[in-house]
Structures are given as C-alpha cells and as structure tokens.
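Open the model in your viewer and keep the selection tool at hand.

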Amino acid sequence: MTTFEKVMAHARRTQALSQVMGRLGWDQETMMPRGAAGQRAEEMAAMEAVLHARRSDPRLGEWLALAQAPDAAGQAQLRLIRREHERTIKVPERLASALARAASLSQGAWAEARARDDVAMFLPHLREMLALRREEAAAIAEGGDPYDALLDDYEPGITGAEVAKLFDALRPRLRALRDRVLGASTPAPLRGEFDPDTQLALARDLARRFGYDFARGRLDLAVHPFSSGGGADARITTRIERSDPFNCLYSTIHETGHATYEQGVDPAHALTPVGQGVSMGVHESQSRILENQLGRSRPFTGWLFSAMREAFGPLSTPDADAFHAAVNRVQPGFIRTESDELHYNLHIMLRFDLERDMIAGRLAPEDLEDAWNHRFEADFGVAVDRPAHGMLQDVHWSIGLFGYFPTYALGNVYAGCLDAALSADTPGLEASLEQGDPSPATAWLRWNVQRHGGLYEPRVLIESATGAAVGEGPLLDYLERKFTALYDL
Ligand code: ZN
C-alpha cells in the first residue's frame, strides 16, 4: 500500500462512519420516539468521539505529510482530508463530544420551546451552544476572527467581511425592487383545502421530474424540511399544510435540489471527501435554482397549474397567469422558509448580523429577542407577534449552526450566476418546462456542477461552470426581470 492509499482507506472508513452518524440525525428528526432524546444525545456524542479520534489520528498526520497524490482528484482528496485533519486537531475531543451531546438535547428543547412560544425555556440551551461554539471557533481561529473560522466550515475560503461586502452590494437594489412591488397591487393567493395524501403524491412526482432517484433515497415528513446523507442514500423530507400546498411542493423541489446534487456526484468518488457537495453555498444553489428559477418560472407553473387541477379539482386561481402570480406572491412575512424571493435575502442579512454579534460577544442570548424584533420591524415594516415567528423560528442556532445562514444567500447568488449560464446554453428549456420537464436544466447542472463533487473550491467550480466571475448582478437582473413583469411595474 502506498501512503496515499493508506490515507484514502482511512478516509473512506471515516466517511462511512460519518454517513452513519448523519442517518442517526435523520432518524432523530423523522422517526425517533420522543422518550429517546437523552439516549440519542449519548449515541451522538459517542459517534462524534469516534469521528474526532479518526480525523485527528496522529498516524493520519504522518501519512499526510508523506502522501503523493497520483492525479488531480487525488490532490483534491488530500487537500480536503488535510483541511479536516488540521481543523480537528485544534479542537479537544471533550469539546467535540460536548457539542454533539448539547446539540442533540438543545434541538429537542428548541422544538418544544417553539411550539410553546417559550423563549425562557430555550435560553439555557442557546447559552450553552453559543459558549461551546465560541470556544471551538477561538481554538480553530488561533487569534484570527472566530466567525470566519465557523463560516469556513460551511463555505471554505470566504470570510465574514466578504459576505458583508456582498450583502451591501445586494441590499439597495433588492430593497428598491421590494418597495416598488409592495407599492403595486397584490395578487390573490391560492385558497382552499388540499388533501395531504394527494399533496404527497404530487410532491413525489415533482421530485422524480427534477431528477431524484428514489432507488437511492426516500421522502419522509419532518417539522423542518431537510435533506441528509449522500451517494447511494440521499434522503429528503417535506411537510404538509392543508391550506398551503406550495409549502409541501416547493419544499420538496428544494430538498430535491440538495439530494440530486449528492446523487449526481461521480460514483468513482463514493464515500470519500471529494464524493459529496463541495460547500453549503453550492448546495443551496442547487436547491434554489430548482425551486425558484425553474420551479417558480412561468413555463413550469403553467404545467403545475394543470397538474394541480387534475390532482385537486378546480383551483381558486382562474388561469395559469393568476396561478403563477400566486406562486410568486410577495409579502413581508415572518417566516424565512416561506419567504418570497425578494424578502428571502433580507431574512438572511438579519440573521448574519445578529449571529456575528453573538459570536463576537457583542450580543448576549438574553438580549437576542429584543434585537431580533427591532431589526425585523426596521427591515420588514411589521412587528413580530410571537417568538415562534421571530427568534425561535429556525433550528440552526439551537444545534450550533452559527456561520451557516450566509450560505443561503450565497446559494441564491450562485443560482443567479448558474441560471444565466444554463439559460444561454439550453435553447429548448422553456418549451421543456412547459411540459413539466426540467431535465435539460438538471442535466446541465449535473454535468457542469454536480458530478465534480469536491474536486474544486466553491468559487472556482461556479466560475468554471458559468465562464464568469461570481457576483450579485445576475441574481438581481433575474429578480428585476421577473417581478417587473409579474407586477407590471
Ligand atoms: Zn436548502
């Protein structure tokens, strides 16, 4: 065995164990009995300890110093394995296990606090998660910016300052467009009651149309839709509301984007660091482009209008144009995951500023509710009416995901870039979408983005797929084009 082969054998087993731990997380959010929460936290902490020991194994460090990659893919593997090794050795095993245990318990507490609108119930968990993550970030940053250290875990290579600059560039045109849209007359929403089983059947059909392979995945219900796993087992979840079928249908398309990314990576890289999505931002670009640029487009909603009439009977929207307007209705709502495309990035900017302040120690958990509510009213013009509509709405901070939110907006920016390139490359796309067939676009994404897995750094990947520098321009152009037409501005 060459030293490189030793590194890869070690990495494959680590990756397999990491998939097992991911499946425990999937189980926790879909199937686990409520009474198992305490035991599950111990199981997660034990798995984390095993993974931590493998990733920080001194033998791995010695091999990495000597290993010679046989080709470019091998070099990418070594780069990713080295990065993970170097991060892990800075974090004591005690802290890694404590984080996994606390996150598992905190997530359950958050769900209950959210259901009861009880901030006080959640605060001790938030305090602990923040303290643990700040300790970890400081250890990794070694004197640098702790927030950057956290961000780097989700979007390698980008800094908080770069994100802030991007947001400053996005904000003015986004707000100006939002204000013009809100000044115009609001289209009617889709009204009615929609049978849950029929919603789920249509959601499955949509997942298939957008390229999801059910032989290597499954669709279940969860409180907060998510996707998990990879390779031959990439699972998705959705949720169902009787009065709002778009919640289920578009959550499903969104998660399908994540899962088809994982399913689309070249199987030659299975169970290796290169064999998965390269970053959360690129991941989000795959889900957002399916959900928005394709799924909420006029050609595709034209098909969906017919499909929904066939499934549910007559709809409250009289024709395909009214249906398209209902799908893309702009309204300053409380909930990020139900937000329209114009308000979505404003939700992210709010969270980015608040979490950066928390990690820097400028904002204490007990002051978060006030800070959130003030900022929300300033940005959205509406006062938060209850904590479940405010600081308790997202799962992320409860499980220590600080530095994660910006990747959602980055994903939107990447999706804007990719959409401009794939539209130019795919002349028959609109006609295909009118038939409910997004496959020319999903094939383009598979070829230009997904199959590469972690071979290239995120920005390099997007720029080589699009042939242009990453920037906010294409996203803003797309939004202005779309909503100017929709709202007759
Ligand atoms: Zn997503």
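A cavity here is a set of points, on a 1 Å grid over the protein atoms alone, where a 1.4 Å probe fits but cannot get out. Grid points are joined across faces, edges and corners, and a volume is the space filled by probe spheres set on the points. Lining residues have an atom within 4 Å of a point.

Two notes before selecting. This is a predicted model, in which local features need pLDDT of at least 70 and side-chain atom pairs count only at pLDDT 80 or more, while totals for chains, interfaces and linings use all residues. Residues are numbered from 1 along each chain as its sequence is written, and side-chain values use heavy atoms, with hydrogens and water left out.

**The whole chain**

Show the cartoon. The chain has 20 helices and three strands. Both are DSSP runs numbered from the N terminus: helices are H or I with at least four residues, strands are E with at least two. Along the principal axes, the C-alpha atoms fill a box of roughly 65 × 50 × 45 Å.

Colour by burial next. Buried residues make up 55% of the 489. Buried means under 20% relative accessible area, exposed over 50%, and partly exposed in between, with a 1.4 Å probe and protein chains only. Now turn to contacts, meaning heavy atoms within 4.5 Å. Of those between residues at least 6 apart in sequence, 75% join residues at least 24 apart.

**The cavities**

How many cavities of 30 Å³ or more does a search of the whole structure find? It finds three.

Select V7, H10, A11, T14, Q15, R54, R55, L60, I81, E84, H85 and P273 to see its lining. Helices α1 (3–30), α2 (37–55) and α4 (72–89) each give two or more residues to that lining. α1 gives the most, with five. By class, the lining divides into five nonpolar, four polar and three charged residues. Ala, Val, Leu, Ile, Met, Phe, Trp, Tyr, Cys and Pro count as nonpolar, Asp, Glu, Lys and Arg as charged, and the others, Gly among them, as polar.

Move to the second largest cavity, with about 60 Å³ of space. Its lining is R288, N292, Q293, E341, N345, N412, A415, L475, Y478 and L479. At least two residues each come from α11, α14 (341–360), α16 (406–425) and α20 (473–486). Four of the lining residues are nonpolar, four polar and two charged.

**The zinc site**

Select the zinc ion. Which protein donors does the zinc ion have? They are H254 (NE2), H258 (NE2) and E284 (OE), at 2.1 to 2.2 Å. Donors are N, O and S atoms within 2.8 Å of the metal (3.2 Å for Na, K and Ca); water is not among the atoms, so sites may look incomplete. Along the chain the donors follow the spacing H-x3-H-x25-E. H254 sits in helix α10 (residues 245–264) and E284 in helix α11 (residues 280–294), so this pair, 30 residues apart, links distant parts of the chain. Both H254 and E284 are buried.

Select W63, in helix α3 (residues 58–66). W63 counts as buried because its relative accessibility is 17%. Beyond its neighbours within four places in sequence, W63 is in contact with T3, K6, V7 and H10. W63 and V7 are 56 residues apart along the chain, yet their C-alpha atoms are separated by 6.5 Å.

Next, R133 in helix α6 (residues 119–141). Is R133 buried or exposed? R133 is buried, with a relative accessible area of 7%. Leaving aside neighbours within four places in sequence, R133 is in contact with L99, L150, Y154, G400 and F402.

**Two positive phi angles**

Most residues other than glycine have a negative phi. Select D117, in the loop between α5 (93–116) and α6. D117 is not a glycine, but has a positive phi of about 55°. D117 counts as partly exposed, at 25% relative accessibility.

Finish at E142, in the loop between α6 and α7 (146–154). E142 is not a glycine either, and has a positive phi of about 45°. At 59% relative accessibility, E142 counts as exposed.

How values were computed. 1 Å grid on protein atoms, 1.4 Å probe; cavity = no way out; pocket = protein on both sides within 12 Å on 5 of 7 lines; lining within 4 Å.
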